[in-house]
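Reader: Can you walk me through this one? Keep it short, please.

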Amino acid sequence: MELDPLVLSRIQFAFVVCFHAIFPVFTIGLASTIAGFETLYFKTENPIWQRLSKFWIQVFAVVFGIGVVSGIVMSFQFGTNWSNFSYATANFLGPVLSYEVITAFFLEASFLGVLLFGRDKVPQGVHLFAAIMVATGTFISSFWILSANSLLQTPDGLELINGMYHVKSWTDALFTASFGYRFTHMALASFLTAALVVAGVSAWFILQKRELEANKKALSVALWFLLFLAPLQTVVGDFHGLNTMKHQPTKVAAMEGNWETSNGVPLLLFAIPDKEEQTNHFEVKIPKLASFILTHDWNGEVPGLKAVPVEEQPPVFIVFWSFRVMVALGLLMVVFGIWGLIYRRGGKIYTSPVFLQGLRIMSISPFLAVLAGWVVTEAGRAPWLIYGQMTHAEGLTPSLTGGMALFSLIGYITVYALVFSAGIYYLLKVFKGGLEKANAPHEMDEIERPARPFSAGHVAIDGDL
Amino acid sequence: MEQTFDLTLIWAGIIGFGIMMYVLMDGFDLGQGILYPFAPDEQARDKMMNSVAPVWDGNETWLVLGGAGLLAAFPLVYSIFLPALYIGVFLLLAGLIFRGVAFEFRFKAKTSKYLWSWSFSVGSFVASFAQGAVVGAYIQGFETEGFAYSGGPLDWLTPFTVLTGFGLVIGYALLGSTWLIMKTDGAVQQWAYKITPKLLFGLMAVFAAVSIYTPFVDSSVMSRWFDGISLIWALPALALFCAYIVLRAVKKQQDGMPFVATMGIFLFSYLGLLASKWPYIVPPKFTIYDAASAYNSQLFLLLGFLFVIPIVLAYTSWTYWVFRGKVGDAGYH
């Protein structure tokens, strides 16, 4: 079998980016959660909020550390595997990605250190300010990244001169048509991730009868967020979908599994899309519902995949099913939000083992939903790297051979497997240590080093708990 | 847009400065990893790691900053170097990741400490070697077609780049050993005094080999150096003088001078390399102006860099100030 550098590079990018994406999406939401706990502590002076904050800051530090490392690998991929693309877009992507780096460094060099290590060294107000600035900074970081991605989805503000894009208008290029929707959708996704992880971990502690008072408070707050944010996310998601239909109709066609552009299109609950035969197998459908959701009219027109040649169609099966996974998980989150509201009566949210166990399992759902969502939007753009302008094949490094791509793919998988399993293993230890360890004298007698998020974790990586 | 300033030149200055900062600063902490297997005992290893623990990842900031700046200011470098050095880049990243993680976990480890020591050592060695090979590949030049790399996957791996790879490994080890002279006392310092001259002679041998070899790899370098006497001859002379200072300072058992003079060796060799290649940034074809991005893109990012570089510098100096002096058995006090 001939090794195809294009396929291997896409697999490698997907692997690295999926691995990376789960960390920032968590830290962005968690930074705001911590800022929230610190604000509550500042206002009420109830030490419970501080206990919670101390624990979640340790979690934040570890997740942030892993995220930064995996992000660095990402930024080199553009050059190694997609050099034609990097070169063509460097006038825009270069400064934008650099600004993301600048944001991150500025944060690390200033407020992160104060947040992680400065609690006893600066006034409480300054510590709170640092927490808020870190939370703000994570959003500025994601602004740059999502702006870059949105440009690839809905390009604007650029001009192609001699094979290189030049920026005609920075405003148009930074704020393209899909940017606002994408940013809101991801911001909410980050908050939901934090809410569900905090809820799940607190539920787990409550089941173990540990630090009940603090964990009950955390659970309660997280459930309120879930109740309001999960439905809001479905609305924002809907708007994002409408925006996609306007600018990238083929992607929506793939999400719906709709082959012919037509009116009164059914919503498919189940189907096996078959790109070779250009049709679906085993459809289970609700009549006219897709038209209604997408056009808010039962007989509205929904774009079809056949509007473009086969070679310009995305991998329909992947997009179709990832979309369903994302939506199903989103709806499940809505259900848990409402379930939580009903169980508040009589405090059943703190006592029902079924509910608490359910939350524990749900804590992985936001990560799966976020990955599924990114697969929809990225695979749905295929074969385009820059929508309508440059394909993946055109963006590939011309000198790349299948053997090289395979080497690095296996290499990255091995490195990640070794290094990040150590990181995640350590994260689990921090979870197991819980609020008790986060608030106890440090287990490891080590020097604290500024700008090193990981060293805020004071749990041993080996040995007993 | 009217081009009031030669931004390309300014960016060349910024990137050049960033690379120098990176080499000097990450050099001495990579050096600790290279020297790790030869350290006298486990206690010395603890001390070595402690001596760089507060500063190492701030040091690596310069690599990431330089990399990001390259894509924005000189995209051609990014899109030719990275594909040409594909395997090398992977090794460099893998090496840096392993040693970075080792830093974090060796401190938190009780029973698995030796594993993290190995990870630290191998990672540091591989990353240093890969960086040295990059320097060699830069001197060799790249085969290009249009604005893309057109050579093979292992063109960068030649006897010459292996030589520069080992050269940088020895150079970083020297930075590491002189750093230890400055930051430790007792047995570790004595050990560092003992190995420094050996490393210095090793480095000088590689230097001589590279200097003799380079003009033959690249004929334009030959004419620049040998078509008459020029000011650039001062650079290798100053590098040699610094080497002499290192030797003398070690003999006199001075504390800080060996490290400072070693930095001098690096600085003058680096300037000598630049003098050989200027203004080519992707040899043999492309100058900094060929490789530059659009004026408004360079300007857009320059504003951010002018803001962040002073902060990084201030923060860096502050960290070094806080962790000044000798490192004790349990880290800095």
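**Helix packing and the chain contact**

Author: The crossing of α7(B) and α8(B) is left-handed, meaning that the near helix is turned anticlockwise from the far one by less than a right angle; clockwise would be right-handed. This is a predicted model, where local features need pLDDT of at least 70, side-chain atom pairs count only at pLDDT 80 or more, and totals for chains, interfaces and linings use all residues. Residues are numbered from 1 along each chain as its sequence is written, and chains are lettered from A and ligands numbered from 1 in the order in which they are written.

Reader: At what angle do α7(B) and α8(B) pack?

Author: About 150°, with the axes of α7 (residues 159-183) and α8 (residues 186-217) of chain B 8 Å apart. Axes are lines fitted to C-alpha atoms, for helices over the stretch in contact, and angles run from 0 to 180 degrees between N-to-C directions. Helices α7(B) and α8(B) are therefore roughly antiparallel (over 145 degrees; under 35 is roughly parallel, 65 to 115 roughly perpendicular, the rest oblique). Helices here are DSSP runs of H or I with at least four residues, strands are E runs of at least two, and both are numbered from the N terminus.

Reader: Which way does α1(B) pass α3(B)?

Author: In a left-handed crossing. The angle between α1 (residues 7-35) of chain B and α3(B) is about 155°, and their axes are 8 Å apart.

Reader: Which residues of α1(B) and α3(B) meet?

Author: Among them are B:W11, B:I14 and B:Y22 in α1(B), and B:W56, B:W62 and B:L70 in α3(B). Contact means C-beta atoms, placed from the backbone, within 7 Å. By class, the α1(B)–α3(B) contact has 13 nonpolar, four polar and three charged residues. Ala, Val, Leu, Ile, Met, Phe, Trp, Tyr, Cys and Pro count as nonpolar, Asp, Glu, Lys and Arg as charged, and the others, Gly among them, as polar.

Reader: New topic. How many residues of chain B are in contact with chain A?

Author: 57 residues of chain B, against 50 residues of chain A. On the chain B side, α5(B) gives the most, with twelve residues. By class, that side has 36 nonpolar, 17 polar and four charged residues.

Reader: And chain A, how many helices and strands?

Author: Chain A has 15 helices and eight strands. Its C-alpha trace spans about 65 × 50 × 45 Å along the principal axes of chain A.

Technical notes
Two residues are in contact if their C-beta atoms, placed from the backbone, lie within 7 Å.
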